[in-house]
Amino acid sequence: QMGADGDVSCYAWYRTTINVSTSGTNSVSFGNAADHMIPFVDGTAVPAANVSAKSFTAAFSEGSHTIAVFTSHSGRDKLYPYVGPISQKFAKGLSGTARLFGNPMAGSASLTSWSVMMTNRSAMRKTPPSPTASGWNNYAFGTDAFGGQAGYAWFQTTLPAISSAEVVIANFSTVDDNAWVYLNGILLATNAGWNVPFNVDLTSAWKSNGSNVLSILVQNTEGNGGLYTSASLAAYQNTVALTNWVQ
């Protein structure tokens, strides 16, 4: 993470070299990328439209490529009354496992069958409601679930079955505003801000045999809110972990 080299400023570069076996569009996903990043492929910045909170997508030709990522952070929590190393709290920059994804198995599947349940701030301290709980209503993807008012709501869908997948990724084009993403009741990711595309690695909570329930708690701060544009699911049989980084 940023600061591991003793430099406590809010900017850092990361760089590695990768080898791509087949030309095409690939995604690079990071375990953690806080708070901001600008990725470069062979010295050219990746367009902002292709960069999400923890990943980016770019076209790669067959052969060797250099990936460089410029990162910055917008401050650390004062950690009161925490006593201990900063490395144990609020990691900044790039950390965790970085992966290169090629084309998904059998393409990606659109996630369109959603339910919604209105809630309140107390839901942030609770696990998602069961799919059989009372209070769920059908939700038309792309509509305002909040009636133009601030508030909280659960959104939920049951994911299609996938066999023999090594990694399963959910992609959200737009969630308005802040989001907490759960799979089978386990919190896997958060996302702050509206109209920010982001990916969530579902692998750690994925059930290879059985139903997988994806739940999202959304906080709408003002105006319209809900799930917009598109959401999809992609499974990858083989992924490549990117190592040999320098900072």
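Phe-70 is partly exposed, with a relative accessible area of 25% (buried means under 20%, exposed over 50% and partly exposed in between, for a 1.4 Å probe and protein chains only). The model is predicted, so local features need pLDDT of at least 70 and side-chain atom pairs count only at pLDDT 80 or more, while totals for chains, interfaces and linings use all residues. Residues are numbered from 1 along each chain as its sequence is written, and side-chain values use heavy atoms, with hydrogens and water left out.

A pair of aromatic rings is described by the distance of the centres and the angle of the planes. Rings of Phe, Tyr and Trp (its six-membered ring) pair if their centres lie within 6.5 Å; planes under 30 degrees apart count as stacked, over 60 as edge-to-face and the rest as tilted. By this rule, 10 aromatic pairs are counted. One of them, Tyr-11 with Phe-70, is stacked, at 5.9 Å centre to centre and 15 degrees between the planes. Tyr-11 lies in strand S1 (residues 11-20) and Phe-70 in strand S6, so the pair ties together parts that are 59 residues apart in sequence. Strands (E, at least two residues) are DSSP runs, as are helices (H or I, at least four), and both are numbered from the N terminus. Tyr-11 and Phe-70 also belong, with Trp-13 and Phe-40, to one aromatic cluster.

Lys-92 is placed in the loop between strand S6 (63-72) and strand S7 (93-101). Lys-92 is buried, with a relative accessible area of 8%. Its side chain is joined to that of Asp-35 by a polar contact of 3.1 Å; such a contact is a pair of N or O atoms within 3.5 Å, where within protein one must be able to donate a hydrogen and the other to accept it, and residues adjacent in sequence count only if both atoms are side-chain atoms. Contact in general (heavy atoms within 4.5 Å) links Lys-92 to Gln-1, Met-2, Tyr-14, Ala-34, Asp-35, His-73, Gly-75 and Arg-76, when residues up to four places away in sequence are not counted.

Grid points are joined across faces, edges and corners, and a volume is the space filled by probe spheres set on the points. The largest pocket has a volume of about 480 Å³. Among its 16 lining residues, Asn-32, Ala-33, Ala-34, Asp-35 and Lys-54 are the closest to the centre. Strand S2 (24-34) provides the largest share of this lining, 3 residues.

The second largest pocket holds about 410 Å³ of space. Of the 23 residues that line this second pocket, Ser-27, Thr-57, Asn-171, Asn-199 and Tyr-236 are the closest to its centre. S2 again gives the largest share, 4 residues.

The structure holds 1 cavity of 30 Å³ or more, and the largest cavity has a volume of about 40 Å³. Its lining consists of Ala-53, Lys-54, Ala-189, Thr-190, Asn-191, Phe-198 and Asn-199. S14 gives the most to this lining, with 3 residues.

Technical notes:
On a 1 Å grid over the protein atoms alone, a cavity is a set of points where a 1.4 Å probe fits but cannot get out, and a pocket is an open set with protein on both sides within 12 Å along at least five of seven lines; lining residues have an atom within 4 Å of a point.
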